[in-house]
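Here are a few notes to read alongside the model.

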Amino acid sequence: MPETQRLDTTRLQKIAQAYWESAALMAAVELEIFTAIAHGHDTIPAVAKAAGISDRNAERLLTVLAAMTLLSRDGERFTNAADVQRFLVKDGERYAGPWILFTKPRWTAFGELSERLRDQQENKLGAYVDFTVEDARRYHAATYSIGMGAARLFSRSVDLSGRKQMLDLGGGSGAYSIVATRTFPGLQAVVLDLPPVTVVADEYIAANGAAGRVSTLPGDFTETAFPQGVDVVVMASNLPQYEPALICLVVAKAFEALVPDGEMHLIGETLHDDRNGPISAALWGLNEAIQNSTGRAHTESEVKGYLQAAGFVDVTVHPFVPGVLSRITGRKPA
């Protein structure tokens with residue numbers, strides 16, 4: 001077999017086995033393997049007992065997790081990798097286990113991807129058709145932990161000093177609003193999202209002691225009138241869920257709602273302009289086939305164009321989470 005063919009076969013095999021790796025990681029989160037190891041249950045028998053599985057299955061799983069470099073092995077003892085220790089130990093401040101499990105309910109659908117791609121029926125709301133309060137609770141139990149991390153990064157990256165009113169479009173749990181109003185004194189925020197989502201957002205807002213700073217507005221941001229006189233608009237982490245025409249509509253409404261010299265920050269999974277990656281944005285676009293939505297992945301230049309078409313100036317692309325999210329910013333002329 002030619003050398004190049006052997007290399008291609010190896011690459012394809014690694015891509016195919018990624019499904020197994022995802023399954024192993026999700027099982028480890030559900031069985032609280034990393035939490036057990038952090039608490040000193042760091043041998044195969046100890047992990048087996050803590051997780052309620054057999055020694056044989058504990059050995060199988062720990063071997064895979066070590067091969068994935070999620071664990072380090074020293075003889076018979078295991079330790080968590082630094083990022084695992086930080087984000088996947090259940091009683092940790094930044095526990096993101098629910099986010100790891102976020103796509104698990106879609107596994108059956110992804111197993112039917114070819115059939116889904118053949119389905120000609122599409123809708124503009126995708127996953128949010130017939131969305132209930134309980135759906136919103138499950139959804140944001142997963143996204144809140146990672147959303148608070150992104151919100152902290154946003155408030156470190158953007159100076160909103162002196163700003164008075166922020167409109168958080170599709171704000172979900174309210175994470176961006178909670179953190180921004182905590183970080184910048186005098187800033188108030190409104191989270192506009194679907195009615196079932198705002199019920200859950202109010203719960204997170206209250207739990208964070210932010211009810212005096214953050215309010216919610218139930219509605220559909222493609223149809224609901226925006227509050228006027230805001231000086232900051234944020235739309236974060238829902239870009240691939242919508243087709244270009246809908247994004248343009250929302251951006252134009254944001255422009256009209258802003259006061260002169262107000263700013264908009266559109267944070268999303270964006271493709272490079274040659275559309276050859278990154279893989280994260282491409283996969284989020286493909287996910288919309290599972291939801292039967294009209295959404296797709298957008299390039300950074302396309303998003304800049306949406307803002308410029310609405311009248312924004314000084315439109316700039318900022319790296320946000322490298323390989324995952326970009327922050328595209330525009331200013332309404334004074």
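1. Is T35 buried or exposed? Please keep in mind that this is a predicted model. T35 is buried, because its relative accessible area is 9%, under the 20% cut-off for that class. You will find T35 in helix α2, which covers residues 33-38. Beyond its neighbours within four places in sequence, T35 is in contact with L88, V89 and K90. The C-alpha atoms of T35 and D91 are separated by 7.7 Å, although the two residues are 56 apart along the chain.

2. E32 is not a glycine, yet its phi is positive, at about 60 degrees. With a relative accessible area of 32%, E32 is partly exposed.

3. What is its backbone phi? For S237 phi is positive, about 60 degrees, and again the residue is not a glycine. The loop that holds S237 runs between β6 (230-236) and α12 (244-257). S237 is partly exposed, its relative accessible area being 34%.

4. Next, a helix pair. Helix α3 (residues 44-51) and helix α4 (residues 55-67) have axes that come within 8 Å and cross at roughly 110 degrees. That angle makes α3 roughly perpendicular to α4, because angles of 65 to 115 degrees fall in that class. On the α3 side the contact is made by I44, P45, V47 and A48, and on the α4 side by D55, A58, E59 and L62. Sorted by class, the contact has six nonpolar residues, two charged ones and no polar ones.

5. Now for the rings. How many aromatic pairs does the structure hold? There are ten aromatic pairs. One of them is W99 with F102, which are stacked, with 5.0 Å from centre to centre and 15 degrees between the planes. W99 counts as partly exposed because its relative accessibility is 28%, whereas F102 is buried, with a relative accessible area of 11%. W99 and F102 also belong to one aromatic cluster, together with F131, Y139 and W284.

6. A ring with a charge over it can be viewed at F255. The charged end of K332 sits over the ring of F255, at 4.9 Å from the ring centre.

7. Which residues are in contact with S173, leaving aside its neighbours within four places in sequence? They are H140, Y144, I178, A201, Y204 and I205. S173 itself lies in the loop between β3 (165-169) and α10 (175-183). Its relative accessibility is 5%, so S173 counts as buried.

8. Last, please check the peptide bond between G277 and P278 on your display. This bond is cis, with omega about 0 degrees. P278 is in the loop that connects β8 (270-271) with α13 (279-290).

Technical notes:
Residues numbered from 1 in each chain as written. Predicted model: local features only at pLDDT ≥ 70, side-chain atom pairs only at ≥ 80, totals over all residues. Heavy atoms only, no water. Axes fitted to C-alpha atoms, helices over the stretch in contact; angles between N-to-C directions. Helix = DSSP H or I, 4+ residues; strand = E, 2+ residues; numbered from the N terminus. Parallel < 35°, antiparallel > 145°, perpendicular 65-115°, else oblique. Contact = heavy atoms within 4.5 Å. Nonpolar A, V, L, I, M, F, W, Y, C, P; charged D, E, K, R; others polar. Phe/Tyr/Trp six-rings, centres within 6.5 Å; stacked < 30°, edge-to-face > 60°. Buried < 20%, exposed > 50% of the residue type's maximum accessible area, 1.4 Å probe, protein only. Lys NZ or Arg CZ within 6 Å of the ring centre and 35° of its normal.
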